[in-house]
Each structure stands twice: as C-alpha cells, then as structure tokens.
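Dear colleague,

I am handing over the structure below, and my notes on it follow. Please read them with the coordinates open beside you.

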Amino acid sequence: MSAPTPALAPHKAAFLSSCVTAGALKFGTFTLKSGRMSPYFFNAGLFHTASLLDSLTAAYAATLASSAVDFDILFGPAYKGIPLAAATAIQLRVLDDARFGGVSYSFNRKEAKDHGEGGSIVGAPLKGKRVVIIDDVITAGTAIREAIEIIKREGGTLVGIVVALDRLEKTPAKEGEQEEAPRESAIGEVRRQYGIPVLSILTLDDVVEFLKGMGTQEDVGRLQEYRAKYRASD
Ligand SMILES: O=P(O)(O)OC[C@H]1O[C@H](OP(=O)(O)OP(=O)(O)O)[C@H](O)[C@@H]1O
Ligand SMILES: O=C(O)c1cc(=O)[nH]c(=O)[nH]1
C-alpha cells in the first residue's frame with residue numbers, strides 16, 4: 001500500500017485512514033437500503049473502539065464547529081445515529097466549552113416504549129429547540145426524511161444536518177421517470193426544501209481520490225463507473 005494521495009485535505013486523509021483501520025469502508029458489491037447495488041459501503045458501526053469513535057466524532061464536531069449553525073440539540077436517528085450524536089456532543093464540549101457546553105443530545109426509539117417513561121424520544125425533549133441531525137450516510141433520503149418528520153412532530157426546528165459521507169448520488173427514479181435521467185441528490189433536495197445546511201466530512205469524490213492512492217485499479221474503476229452512472233445533477 002502506498003501513501004494517501006496529496007490531493008486530499010489532511011483532515012480528510014486522516015479520517016479516511018481511520019476508516020481503513022476500522023474496516024468501515026468496504027469495496028465489493030453491496031445492496032443499499034434503497035435497493036441500489038453499490039461497489040462500496042460505509043459502515044459507521046465499525047468505529048466501535050474508544051479511539052475510533054473518538055476520531056470519528058471529533059471529525060463531526062470539527063465540521064459542525066467550523067459552520068455558522070447555531071443549535072441546542074444533536075439528534076441521532078436510530079440506530080447508528082445514536083452513539084454518533086451522544087459522542088459528538090462530548091467532542092463539541094471538549095472543543096469549546098463556552099460555546100458548546102450546553103449542547104444536548106436526543107434520539108428516537110424505532111419502537112415506542114409502552115411502560116416506564118414511555119414514548120419514542122430519549123434524551124433532550126425537542127419542543128422549541130434548534131436541532132441538528134447527526135447521521136452516517138444519506139443515499140435516497142428515506143432515513144433522513146423520517147428523522148425530519150420526528151423532529152417536526154416533537155415541535156423542534158431543524159437547523160442543520162451533518163453526515164460522515166455524502167455519496168453524491170441522485171435519488172432513485174420516481175414513477176414515470178427514466179433511471180438514467182439527471183436528478184438532484186437527496187441531500188440537495190433537503191437543502192433546497194428546508195433551506196438548511198447539510199454538511200459532510202467526506203464525499204464520494206474524496207473516497208475515489210483516496211482509493212487511487214490505496215486501492216486496486218479494479219476497485220477504482222468500479223467506483224468511477226458507479227459515480228458516472230449515479231452522480232446527482234447538483
Ligand atoms: O438515505 P437512505 O436511502 O435512507 O439510506 C441511508 C440510511 O440507511 C442506513 O440506516 P438504516 O435505516 O439501515 O438504519 P441503522 O442506522 O439501524 O443501520 C444508514 O445508516 C443511513 O442512515
Ligand atoms: O444507502 C445505504 O443504505 C447505505 C450506504 C452506505 O454507504 N452505508 C450505509 O450504512 N448505508
């Protein structure tokens with residue numbers, strides 16, 4: 001294996017290296033939630049050691065802190081968003097206690113609890129609060145739209161979204177649309193529809209650049225082919 005390509009910003013190359021250490025970025029053939037077949041897959045669940053979770057959530061915190069988004073609560077959609085939101089809240093406080101010491105986290109249950117405290121929200125109540133969603137990946141946008149509905153229903157105001165990876169891919173074809181026709185990404189749709197920033201630590205372009213320095217010709221070729229086929233118009 002050779003060193004990462006110099007075209008990447010150092011913090012992105014460092015994060016990609018920890019993806020490789022965690023085994024969280026895989027190349028092969030994967031079925032996505034949307035049903036699309038992808039030659040790569042990002043599994044945030046594999047950042048499960050203290051040091052890997054530290055490096056992943058430090059990258060979320062740095063991305064959010066360098067933006068102008070003002071917020072009260074980090075919301076992590078079940079399941080993978082849960083540890084990401086909680087650990088990012090700690091990272092933000094470590095980064096700047098005066099600015100972020102009062103930040104809370106919150107998440108949903110996939111099934112509502114019918115005993116004890118009951119309900120489907122754990123952590124900070126969202127009512128009247130400015131909420132940032134912290135999740136791993138947005139592809140077709142199904143998961144993020146569910147999270148947005150929960151925040152609305154609970155009376156919170158969505159002010160931003162941060163994901164680890166922007167796959168830069170167009171939404172699946174709706175009825176009557178041709179699969180090959182140009183379309184916006186789910187991230188682009190959400191940005192436009194809600195007028196909020198959707199930030200990412202990495203994009204597919206970064207993964208391709210990184211792989212050029214680390215991977216096989218075959219994997220690079222398959223990623224480039226996939227990107228050409230599914231790249232969004234925005
Ligand atoms: O944009 P989409 O097409 O919806 O796909 C992306 C989402 O799918 C996965 O979550 P999943 O619902 O599988 O839940 P998990 O966090 O429990 O793995 C992934 O963690 C993203 O959140
Ligand atoms: O689209 C998905 O389902 C998806 C893609 C990906 O790279 N990682 C993930 O957890 N889900």
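Where is the place of Tyr 79? Tyr 79 sits in the loop between S3 and H3, where helices (H or I, at least four residues) and strands (E, at least two) are DSSP runs numbered from the N terminus. The peptide bond that leads from Ala 78 to Tyr 79 is cis, with omega near -10°. Most peptide bonds are trans, and most residues other than glycine have a negative phi.

Before going further, please note that this is a predicted model, in which local features need pLDDT of at least 70, side-chain atom pairs count only at pLDDT 80 or more, and totals for chains, interfaces and linings use all residues. Residues are numbered from 1 along each chain as its sequence is written, while chains are lettered from A and ligands numbered from 1 in the order in which they are written.

The ligands

Tyr 79 also belongs to the surroundings of ligand 1, which comprise 15 residues, the closest being Tyr 79, Lys 80, Ala 140, Thr 142 and Ala 143; a residue is taken as near a molecule or strand if its C-beta atom, placed from the backbone, lies within 6 Å of it. S6 and helix H5 (142–153) each supply at least two residues of this shell, and S6 gives the most, with four residues. By class, the shell around ligand 1 has seven nonpolar, four polar and four charged residues, where Ala, Val, Leu, Ile, Met, Phe, Trp, Tyr, Cys and Pro count as nonpolar, Asp, Glu, Lys and Arg as charged, and the others, Gly among them, as polar.

Around ligand 2 lie Leu 32, Lys 33, Ser 34, Phe 41, Phe 42, Asn 43, Asp 136, Val 137 and Thr 139. Two or more residues of that shell come from each of strand S2 (37–42) and S6, and its residues divide into four nonpolar, three polar and two charged.

The strands

S2 is joined by five bridges to strand S1 (residues 25–31), and the two run antiparallel; strands pair if DSSP finds at least two bridges between them. The bridge partner of Thr 31 in S2 is Met 37, and in the hairpin of S1 and S2, which has five residues between the strands, Gly 35 takes a positive phi near 95°.

S6 and S7, by contrast, pair in the parallel sense over eight bridges, and Asp 166 of S7 is the bridge partner of Ile 138. Nine of the ten residues of S7 are buried, so S7 is largely enclosed by the rest of the structure; a residue is buried if 20 or more other C-beta atoms lie within 10 Å of its own, exposed if 12 or fewer, and partly exposed in between, with C-beta atoms placed from the backbone. In the loop between S7 and helix H6 (186–194) is Leu 168, which has a positive phi of about 60° although it is not a glycine, and which counts as buried because it has 20 C-beta neighbours inside 10 Å.

Leaving aside residues up to four places away in sequence, Leu 64 touches Val 69, Leu 92, Val 132, Val 162 and Leu 199, contact meaning C-beta atoms, placed from the backbone, within 7 Å. Leu 199 lies in strand S8 and is partly exposed, with 18 other C-beta atoms within 10 Å.

With best regards

Terms used: Contact = placed C-beta atoms within 7 Å.
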